[in-house]
Amino acid sequence: MRTSPLADQVPPSGIREIVNLVLARPGAGILRLEIGEPDFNTPAHIVAAAIEAASGPVRYTQSAGTVALRESISRRLARVGGLDIPFDRITVSQGGVEGSSAVMQALVSPGDEVMVPDPAWPNYEMQALLRGATPVRYPLRPEAGFIPDPDDLVALMTPRTRLLVLNSPSNPTGAVIPRDVVAAIVAAAASRGIPVLSDEVYDEFVFEGEASNAPSMDSEHVIGLYSFSKTYAMTGWRVGYVTANKRVSDLLSTIQEPMVSCISAVSQAAAIAALEGPQDCVNEMREAYRRRRDVVVDRLRSAGHDVIEPHGAFYLMLRLGAGVDSRLAALDLVEHGVSTAPGTAFGDVARSYLRLSLASSEAVLAEGTDRIIAWAERTDLGRTIEAGRS
Ligand code: PLP
């Protein structure tokens with residue numbers, strides 16, 4: 001059967017390769033630090049609201065989401081981000097993934113360029129490729145603490161740039177971009193008429209400093225991408241949302257119909273409970289991630305690793321020897337009982353880094369980090385494994 005050349009060029013996920021390897025060995029005792037998924041259960045009051053909703057009629061909702069949920073989101077954006085975004089500029093999506101996919105559908109055409117961070121969550125690039133667009137990577141240099149340099153971005157902007165993706169706190173680096181840097185990037189993009197997609201899905205998980213909050217800087221050019229997945233440990237419920245100017249919001253609402261019709265009504269009811277209920281669960285999860293970050297950073301630093309401390313999200317990048325292929329390192333580490341995500345899964349810049357996810361218990365993280373430290377000593381930060389494999 002002939003398949004779409006656009007679909008054919010989408011590369012398989014480099015994280016999935018490791019996940020599949022681990023899943024193929026149940027009972028092998030591999031400590032899992034590769035997955036970017038909260039290990040907490042969804043808080044009980046959210047689950048209770050879903051059960052109640054599921055017990056009544058469960059129907060299609062508006063393509064853009066129920067008005068009740070969008071009004072609740074509007075209040076949340078005012079409370080957390082100081083934003084003034086009415087419900088009709090909010091589109092509920094099937095998680096952040098479908099939200100960013102819908103934005104690409106709405107704005108990007110074949111031949112366009114989409115600027116993405118390097119390293120970045122791989123889905124931006126996959127979605128751009130599916131649109132027939134060219135992803136243009138801008139560097140997040142380790143020596144700059146993985147913070148983008150606005151001059152680098154300006155140099156990469158062309159008349160074909162149709163969208164610029166920002167992500168803070170960042171997956172995979174955990175970096176929180178200072179507000180003045182975000183403001184400079186937003187201004188440069190806006191002055192050229194380039195919309196910015198600001199991925200805010202980790203906005204509640206900032207340990208030091210403040211969230212970048214790009215949507216508060218320019219509500220005309222900045223599109224905000226949010227999710228319940230991380231904030232409320234609701235990855236499987238699949239609810240996120242997009243804020244945009246009225247014209248883009250109307251377009252998103254229209255194109256949600258052929259793409260998903262609407263998001264699960266049960267999950268939307270759960271999302272309202274998440275926003276309207278007590279927020280202690282969010283604070284507790286943030287503190288747990290902070291403690292875990294400290295456990296891992298302390299252990300790595302005590303063992304002599306030079307670690308860039310993440311200030312948000314729940315990831316940490318570990319530097320390998322210069323030039324070491326992190327994919328081979330991650331494959332080798334699985335043999336030594338711990339799984340990590342290779343930097344090669346996120347672009348070029350971090351190809352000699354491993355991403356450690358802090359979404360495991362402190363005990364697993366402590367033991368997993370010790371195994372990594374022992375492996376790094378044995379392999380000289382991964383330098384000897386390629387010779388060993390070839
Ligand atoms: N954006 C970033 C940076 C992510 O890391 C993820 C998930 O890992 C998402 C968006 C989307 O998550 P979801 O579709 O579960 O909301």
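Reader: Quick note before I start: helices are DSSP runs of H or I with at least four residues, strands are E runs of at least two, and both are numbered from the N terminus. With that settled, where is Ser261?

Author: This is a predicted model, and in it Ser261 sits in the loop between α9 and α10.

Reader: Thanks! What is the phi of Ser261 like?

Author: Positive, at about 65°, even though Ser261 is not a glycine. For context, most residues other than glycine have a negative phi.

Reader: And is Ser261 buried, partly exposed or exposed?

Author: Ser261 is partly exposed, because its relative accessibility is 25% and buried would require under 20%.

Reader: Let me switch to omegas. Which peptide bond is cis, with omega near -10°?

Author: That one runs from Ser168 to Pro169. Pro169 is in the loop between β5 (161–167) and α8 (179–191).

Reader: What joins Asn171 and Pro172?

Author: A cis peptide bond as well, with omega about 20°. Pro172 lies in the loop between β5 and α8.

Reader: Now helix packing. At what angle do α4 and α10 cross?

Author: At roughly 30°, with the axes of α4 (residues 67–81) and α10 (residues 265–276) coming within 9 Å. α4 and α10 are therefore roughly parallel, since angles under 35 degrees count that way. Their crossing is left-handed.

Reader: Which residues meet there?

Author: From α4 it's Ala68, Leu69, Ser72, Ile73, Arg75, Arg76 and Arg79, and they meet Gln268, Ala271, Ile272, Leu275 and Glu276 in α10. Sorted by class, the contact of α4 with α10 has six nonpolar, two polar and four charged residues.

Reader: How do the axes of α5 and α9 cross?

Author: The axes of α5 (residues 95–107) and α9 (residues 246–260) cross at roughly 110° and come within 9 Å. That makes α5 roughly perpendicular to α9, and the crossing is right-handed.

Reader: What's in that contact?

Author: The α5 side has Glu98, Ala102, Val103, Gln105, Ala106 and Leu107, and the α9 side has Val248, Leu251, Leu252, Ile255, Gln256, Met259 and Val260. By class there are 10 nonpolar, two polar and one charged residues where α5 meets α9.

Reader: Last one: what does Phe40 touch?

Author: Not counting residues up to four places away in sequence, Phe40 touches Ala233, Met285, Ala288, Tyr289 and Arg292. Phe40 is in the loop between β1 (31–32) and α3 (44–55), and Phe40 is partly exposed because its relative accessibility is 26%.

Definitions and conventions
Residues are numbered from 1 along each chain as its sequence is written. This is a predicted model: local features need pLDDT of at least 70, side-chain atom pairs count only at pLDDT 80 or more; totals for chains, interfaces and linings use all residues. Side-chain values use heavy atoms; hydrogens and water are left out. Buried means under 20% relative accessible area, exposed over 50%, partly exposed in between (1.4 Å probe, protein chains only). Contact means heavy atoms within 4.5 Å. Axes are lines fitted to C-alpha atoms, for helices over the stretch in contact, and angles run from 0 to 180 degrees between N-to-C directions. Angles under 35 degrees count as roughly parallel, over 145 as roughly antiparallel, 65 to 115 as roughly perpendicular and the rest as oblique. A crossing is left-handed if the near helix is turned anticlockwise from the far one by less than a right angle, and right-handed if clockwise. Ala, Val, Leu, Ile, Met, Phe, Trp, Tyr, Cys and Pro count as nonpolar, Asp, Glu, Lys and Arg as charged, and the others, Gly among them, as polar.
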